[in-house]
Structures are given as C-alpha cells and as structure tokens.
Amino acid sequence: MRLHRGLPAAASGLLLALPLVLSGCTSFGETTEEPAASTSTAPAEPEVAPIEWTDCDAQIQPLVEGQPGSERDIAFECGRTDVPISYDEPGGATLPLFLVRASLAGQTEPLGSLMVNPGGPGGSGADAAIGLALTLPEDVLRRFDVVGFDPRGVGLSTPVECIPKELKDRAIAAEPRPTTEEQLDDVFAISSEIAEGCAEEYGEALGTFNTVDTARDMEQLRQALGEEQLTYLGYSYGTTLGSTYAELYPDRVRAMVLDAAVDPDVDAVADAEARAAAFEAGFDAFAENCRGLIAGCPLGDDPRRFLEELLAQAQTTPVPSSEEGETRQATPGVILTAVAAALYDTASWPQLAQGLAAARNGDARLLFSLADDYSGRLEDGTYSNLLDANVAINCADTEETVPEERVRELVGEWSARYPLFGAGAAAGLFTCSVWDAERTPVPERDAEGSAPILVIGNAGDPVTPLPGAVDLAEDLDSGVLLTWQGQGHTAYPKTECVTAAVNAYLIDLVAPVDGLTCPA
C-alpha cells in the first residue's frame, strides 16, 4: 500500500466523515455507457461542462464546529460537473466530479481559485478544501477561494469500490513483516485476491482511474471556474498530479506549490527502499523525541526494543481494545500500521507513545484510532474507498512490475537492513505486478514553458524523502526548491519561514531563491 497522503493534521480528521454528509449536497447522475480506459498521451479539448454550485454551509459547519479555525467566517459551496470518461473520445460518455469551494468573508483584491489536492492517491480534495479553509493563513484566504475536487474514482466522484470490507480488514491485520514462505504466500494471496476482484468488478474500465486523465480533468475544472491560469497547492501524491498537469498544460500554470514531492525519477524498487529507509529514520526521530520528554518516555529508554517486544507479544496474543463495541484485536499488522500513520505528523507522536504503552498493558484503542484514520475505516466498521482508489491509481500510473522471485529476494535483504519496514515495503512491490488493467504511465515531466513551480521537501520526511523533492525541482525547467529541516510529512503552513515564502509566491508570484533552506 503506497499512500502518499499529505494533508496537514488539522484538516485530515475530516477525510472520513464528510463524504457521508456531503452526499446530500448534490445528486450524481450515472453514466449509461461502460467507461473505456484512456491511453492517449496528448491533451484533448472536449467541451467544458459548467459547475452546478449549491449552498452546503448547513451540512459542513456542524462538522468543523469547535476545530481550530472554525471561528473564521467561511462559506461553503458544493459543486458538480461532468468530464469525459475517455479523452480519446471527448464527446463520449462522461463521469461526474464532486467539488467543494470555501470562501472567506470580506476578501480583498481576490485572485480567484486556489485548487488543492491532499495526496493519496485516494484522498478527498473536497475534504481538503474544508480542512485547509481552517488552517491556511488568512493572508491567502483573503485573496483566494479554496477549491478541492474528489479526483475520478475517489470519494464522491464515481468512487472505485472493489475491495470488500472483510478483505481490507485482513490486509491491514496481515503480517506486516512477512519473511517466511507461509507469510509471503499469504500476503501475495491477498494482493492477488484484490486484483482479481477489482478486474472482475470493472473490467476494461478499471484503467479509467489514472493520474494523466485526472490532470486533464483539472484543466476542465480550471476553465469551468473561469480562471485564465491555474493556481494550485498539492501535497504528496498531489505533487505528481500537479506536475503532470504542468507537463500537459505548461502555459496554463499561474503558480504551483508541490509540497512533500514524490520523486519522479526512481523506479518502483528504489522508491520502496527509500521509503523503508525513511520510515526507519522517522521512527528513530520519534524515539529520540520520546526519550527527551521532561515527563519521561512511556516506552522507556529504548522505544525500538519496546515496539519489537510489543509486536512479538501481539504475534501470539493480539491486543484487545477498550472501545465500546470493538471486537477486533490488534495484530502486529494493526500496530505497525498505527506506527506508520503517526510518523506522518509529529503532532501524532504523543498519541503513538501513549498508544504503544497502553497496548503493552492490554488496550489497543489508541492504536486502532491511528490505523483506522490511515486506512479510511469508519466508526461503523465500513471503509471509505481510499484503499481501492489508492491501489487502482497507483497501478494504473506505471507499467513497472516486479517478479515474485525478485520480491522474495528483496524481502530477505530489506528485512535485515530495515527491521521495521523493509519486509513490508518489499512485499508491497507485488501489488501492481498482478494488477489486471490498462496502464497510463505518468509522463516524464519538465513542464517546459511553465511559470516558476515551487517544490518543497522535508529533511525528515518518512513518506516522500527529501531526494524526491530535489529530483523534481531539477527535472522541472522552472522548478524552485525549498527545503525545510523539519520532521514529518509536508511543510506548509507548519513553520513561519516556509509559510512566508509560500504566501509571497502564491499571492505576489515572488518565488524564493532556489535552494532556500528553512530551519526546523
């Protein structure tokens, strides 16, 4: 599972609840034709459908009440529009997209729309618009409406749904560090079952859900919003989506911020290994922080050993939860999923430390909370379509496959090199090797002719390591690199130095000096 989700913590809490409420904002018609996978690599120019906006303030305000930033005078609108299923057939069947627009009252000298994407792939851009309206600097909100859309296949935009709840539960609970033949066979069987189920559910249409066509959808939305050029803020996987748009439509970029950039140059194996190494370093940073707490670390002097002992304990005796009505027990898979989730944001480190300590004492409630947020599991035991969309889009975006024998070799090598995350990262390479759908690889991206594009990377990012931002900024003809010497995933608007640079760029189109480094 390769989740490049980068929404700031204050906003990400909305990801799971909102689609259930927002489904009443506007109704989606269903296409009567079966989608066909797009294989074109050149932008088509279909007719642009208008966006039908409705006031959905009454549905959204109760969800944000009490959250930091909820005192802002913000109005929310929900929108619906249609885009071609296949850009090879721009006049053919369409699919609906769902949007949210957030507007701060009393805007001065408005500059139009700031389109946002929270990453994933599979994260809801509609939820992101709501969350970011609470967290973005007011200097930005006074100049821009924040517009987020659920990409095709995500959330309320014709969601791809082909992984049963029970299979998601099994996948998350499965051995996270499979090293024996039996463990690997089990993990591979789950991947094969997911691939077979999705292929059976969607057939040839499964390849419809890809980044290239989503970037083309963004161009449709730009025109429908009446913007001469696009102003965009993308986190994590959203940097892949944004840079793909810039490659297809370089002259239509006004400003583009790509925060926590995904490396455009590494192959699947190198990418998986880099992430395993970065997560290991991220856990070490968490452990060091915990040891430095004035009140003392609840995990003792050696948090890594504490975690290893907890994983061994859960291997034989999974940990129950004190949450009322919860019947699940935390296996090593659930525990390590919770650890990975918390490493995305330093704000989650206290919950991780407390959760691991509580689990050692027999209560996995806090760990289930972290793992469920990460995987899109809702309070009623069902799931959002985050995992379905994540697999479908990731696999549609590449033609790379890694043979099973090679995966088994890498598991052996990486389990020794990266004890917590190596085996799981290697085993995950098998996912797209069995994926049966049309592929639309993301193109190489230099975005020749584009306005300056701001690329941001964190020195301590466990999800998208800093070399990825360096590579993307170098590949883009107009790329400008900004580095934050901080921990966690994404940087804006977490620190004053980064925030000032990004604000000046978005509002006044003044990019920082290439190579600027902001302190932690």
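**Entry 1: H12 against H14**

I began with the place where two helices meet: Val334, Ile335, Thr337, Ala338, Ala341 and Ala342 of H12 touch Leu367, Phe368, Leu370, Ala371 and Tyr374 of H14. By contact I mean heavy atoms within 4.5 Å. Sorted by class, this contact holds ten nonpolar residues, one polar residue and no charged ones. My classes take Ala, Val, Leu, Ile, Met, Phe, Trp, Tyr, Cys and Pro as nonpolar, Asp, Glu, Lys and Arg as charged, and the others, Gly among them, as polar.

The angle between H12 and H14 is about 70°, and their axes lie 8 Å apart. H12 and H14 are therefore roughly perpendicular to each other. For angles, under 35 degrees counts as roughly parallel, over 145 as roughly antiparallel, 65 to 115 as roughly perpendicular and the rest as oblique. The axes are lines fitted to C-alpha atoms, for helices over the stretch in contact, and angles run from 0 to 180 degrees between N-to-C directions.

A note on what I am reading: this is a predicted model, where local features need pLDDT of at least 70 and side-chain atom pairs count only at pLDDT 80 or more, while totals for chains, interfaces and linings use all residues. Residues are numbered from 1 along each chain as its sequence is written, and side-chain values use heavy atoms, leaving out hydrogens and water. The helices (H or I, at least four residues) and strands (E, at least two) are DSSP runs, numbered from the N terminus.

**Entry 2: helix H13**

Next I looked up H13, residues 349–360. Its twelve residues should span 16 Å at 1.5 Å a residue, and the end C-alpha atoms are 17 Å apart, which agrees. The expected span is 1.5 Å times one less than the number of residues.

Which residues of H13 are buried? I found Trp349, Leu352, Ala353, Gly355, Leu356, Ala357 and Ala359. Buried means under 20% relative accessible area, exposed over 50% and partly exposed in between, with a 1.4 Å probe and protein chains only. The buried residues of H13 pack against helices H10, H11, H12 and H14 and strand E11. After H13 comes Gly362, with a positive phi near 100°.

I then followed one of these partners. H10 and H13 pack at about 80°, with axes 11 Å apart. That makes H10 roughly perpendicular to H13. Gly282, Ala285, Phe286, Asn289 and Cys290 of H10 meet Trp349, Leu352 and Ala353 of H13. This contact of H10 with H13 has six nonpolar, two polar and no charged residues.

Two strands pair if DSSP finds at least two bridges between them.

E10 (residues 453–460) and E11 run parallel and are joined by seven bridges. Leu454 has Val480 in E11 as its bridge partner.

**Entry 3: single residues**

Arg101 sits in strand E4. At 16% relative accessibility, Arg101 counts as buried. Beyond four places in sequence, Arg101 touches Trp53, Ala75, Phe76, Glu77, Asp145, Val146, Val147 and Leu225.

The C-alpha atoms of Ala520 and Gln487 are 7.7 Å apart, although 33 residues separate them along the chain.

**Entry 4: backbone notes**

I noted a cis peptide bond between Gly120 and Pro121, with omega about -10°. Another cis bond runs from Tyr492 to Pro493, with omega near 0°; Pro493 is in the loop between E11 and H19.

Glu109 has a positive phi, near 45°, and counts as exposed at 62%. Ser236 has a positive phi near 60° and counts as buried at 0%.
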